[in-house]
Amino acid sequence: MSVQVKRRRESASFLSTFTGAQGELIVDTTNNRLQVHDGATPGGWLPLGMSPAPVVEGKDGSNAKHGGNIAFACVEELLTLSRASVASSIAFPNQSLIFGVACRVVADITGSGVTGFKIGRTGGTDNEFGTISSLTAGTTNSGILGNPNGNYANTTVTVTAIGGNFSGGQVRLQLCYLLLNPPAS
C-alpha cells in the first residue's frame, strides 16, 4: 500500500512574503508549483531550473476564470563551440514575445584568430543579442532587446566566432521570453 504525503499549501500572495523553515517545501496553489525555503528568504526559492511564473489575475483581482494566463520563461543550453558558428537546439517558441538572450562563458573559448563572439537569431542579425570580446570562463552578457518583439516561428540562436573559427570552449545560453496562453474555454 502506498503512503500519501501532503505538503503545506498556500496562495502566491501569502507566500510572496512568507519565510518558511529551512528545507521546507510549500505548494503554491495559485501557480501550481513548489517553493523551497531556507529559513531566511521571504517567498523562498523555486527549485533549480524552474522559471518564475507570475500570479495571474483578472480585473477583479481573482484568477483568470477560463484558464488564460501569461507565462514568463527562460530555457538554457550549454553549447560546445567548434567551427565558425554553432546553433542552439533550444528555441524561442512560435507566438512568443522575445526579451533577450543572456550567456555565460563556462569554459575558456579557443580558436586561431578568435577575438570574441556574437549572439543572434539563426538566420537573422548575427549580433542582435550582443558582441562579446572576452573569451575567458566567467564572462557574462545580458543581451536585452530594447523593444521586446513578437516571434512567429520556432527560432534558434547562433553563436558566431569573430576573427576565426572556434576550436573549443563552452557557452551557456539562456533564452528569455513571454507566452500568452489563451483561455481554455
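This is a predicted model: local features need pLDDT of at least 70, side-chain atom pairs count only at pLDDT 80 or more; totals for chains, interfaces and linings use all residues.

Trainee: What helices and strands does the chain have?

Mentor: There is one helix, and there are 11 strands.

Trainee: How do I read a sheet, then?

Mentor: Here's the general idea: strands in a sheet pair through backbone hydrogen bonds, and the pairing is either parallel or antiparallel. In this structure, look for an open sheet of four strands in the order S5-S10-S7-S8, where the pairing is antiparallel. On average, neighbouring strands here are turned by 15° against each other, ignoring direction.

Trainee: How many bridges join S7 to S8?

Mentor: Three bridges link S8 to strand S7, which covers residues 116-121, and the two run antiparallel. To find your place, look for isoleucine 119, which stands opposite glycine 130 in S8.

Trainee: And what about aromatic rings? How many pairs are there?

Mentor: The structure holds four aromatic pairs. One of them is formed by phenylalanine 92 and phenylalanine 129: the pair is tilted, with 6.1 Å centre to centre and 40° between the planes. Why "tilted"? Planes under 30 degrees apart would count as stacked and planes over 60 as edge-to-face, so a pair in between is called tilted.

Trainee: Where do those two phenylalanines sit in the chain?

Mentor: In distant parts of it, 37 residues apart. Phenylalanine 92 is in the loop between S5 and strand S6 (96-110), while phenylalanine 129 is in the loop between S7 and S8. There's a cluster too: ring pairs link Phe92, Phe129 and Tyr177.

Trainee: Is phenylalanine 92 buried or exposed?

Mentor: The cut-off for buried is under 20% relative accessible area. Phenylalanine 92 has 0% relative accessibility, so this residue counts as buried. Phenylalanine 129 is buried as well, because its relative accessible area is 1%.

Trainee: What share of the contacts joins residues 24 or more positions apart?

Mentor: Counting the contacts with a separation of 6 or more, 64% are between residues 24 or more positions apart.

Trainee: Last one: how much accessible surface does the chain have?

Mentor: About 10500 Å², and 53% of that belongs to carbon and sulfur atoms.

Definitions and conventions
Residues are numbered from 1 along each chain as its sequence is written. Side-chain values use heavy atoms; hydrogens and water are left out. Two strands pair if DSSP finds at least two bridges between them. Axes are lines fitted to C-alpha atoms, for helices over the stretch in contact, and angles run from 0 to 180 degrees between N-to-C directions. Rings of Phe, Tyr and Trp (its six-membered ring) pair if their centres lie within 6.5 Å; planes under 30 degrees apart count as stacked, over 60 as edge-to-face and the rest as tilted. Buried means under 20% relative accessible area, exposed over 50%, partly exposed in between (1.4 Å probe, protein chains only). Contact means heavy atoms within 4.5 Å. Accessible areas come from the Shrake-Rupley method with a 1.4 Å probe; for residues, only the protein chains shown count as cover.
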